[in-house]
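The sequence and model come first.

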Amino acid sequence: MDAEQAVQDCYLRALRQFDGVRGPAVRPWLLAILKTVCQEKLGDMLGRRGPPTDEAGTKEKSGRRALPTIRQLVDDLPAPLGEVIALREMIDLSYKEIAEVTGVPVTTVMSRIAEARGLLLAARRTTQASAEPAAARPAGGPSELTV
């Protein structure tokens, strides 16, 4: 779906519902509408064409597997975790605002963010370790260390 079209649809819906808005936090309200628009459009697209597939999984450069970007790592997270971490770290919403956008309690937002951060850290460590040349790795494991 085209991002500009999604934003346009979001603002059209927001204008129709504006009389019912209460409170100072318009940003989470708009993001919740945008989320709904995108979910509806994605559902329509998947129903027509089936899920998108990527044969290679990741792009490769010169025979070597490219390291994933943070955005790619976030995209690889389960949807509920990727959603909350993107809203927190990329859009800079508060936990309360994220709860409003996602429709889950603040405690759920907090646990999802913690889980997402843990998974991102583990993925980062894994990709760094696999990208590190064999010569740069220490020979042997902890059992070979002497004190």
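Which residues in helix 4 meet which residues in helix 6? Pro80, Leu81, Val84, Ile85, Arg88 and Glu89 in helix 4 meet Arg112, Ile113, Glu115, Ala116, Arg117, Leu119 and Leu120 in helix 6. Contact means heavy atoms within 4.5 Å. By class, this contact of helix 4 with helix 6 has 8 nonpolar, no polar and 5 charged residues. Ala, Val, Leu, Ile, Met, Phe, Trp, Tyr, Cys and Pro count as nonpolar; Asp, Glu, Lys and Arg count as charged; the others, Gly among them, count as polar.

This is a predicted model, in which local features need pLDDT of at least 70, side-chain atom pairs count only at pLDDT 80 or more, and totals for chains, interfaces and linings use all residues. Residues are numbered from 1 along each chain as its sequence is written, and side-chain values use heavy atoms, with hydrogens and water left out.

**Helix packing**

Two packed helices are described by the angle between their axes and the distance between the axes. Helices are DSSP runs (H or I, at least four residues), numbered from the N terminus. Axes are lines fitted to C-alpha atoms over the stretch in contact, and angles run from 0 to 180 degrees between N-to-C directions.

| Helix pair | Angle | Axis distance |
|---|---|---|
| Helix 4 (residues 79-90) and helix 6 (residues 106-131) | about 95° | 9 Å |
| Helix 4 and helix 5 (residues 95-102) | about 135° | 10 Å |

Helix 4 and helix 6 are therefore roughly perpendicular (65 to 115 degrees). Helix 4 is oblique to helix 5. Oblique covers the angles left over once roughly perpendicular, roughly parallel (under 35 degrees) and roughly antiparallel (over 145) are taken out.

Helix 4 meets helix 5 too. Glu83, Val84, Leu87 and Arg88 in helix 4 touch Tyr95, Ile98, Val101 and Thr102 in helix 5. These residues divide into 5 nonpolar, 1 polar and 2 charged.

**Salt bridges**

Side chains of opposite charge can pair when their charged atoms come close. The structure holds 2 salt bridges. A salt bridge puts a side-chain nitrogen of Lys or Arg within 4 Å of a carboxyl oxygen of Asp or Glu.

Arg117 and Glu89 form one, at 2.3 Å from N to O. This pair links distant parts of the chain: Arg117 is in helix 6, Glu89 is in helix 4, and they are 28 residues apart. Arg117 is partly exposed, at 39% relative accessible area. Glu89 is partly exposed as well, at 45%.

Asp92 pairs with Arg88, their closest N and O atoms being 3.5 Å apart. Asp92 is exposed, at 55% relative accessibility. Arg88 is partly exposed, at 25%. Exposed means over 50%, buried under 20%, and partly exposed in between (1.4 Å probe, protein chains only).

Technical notes
Helix = DSSP H or I, 4+ residues; strand = E, 2+ residues; numbered from the N terminus.
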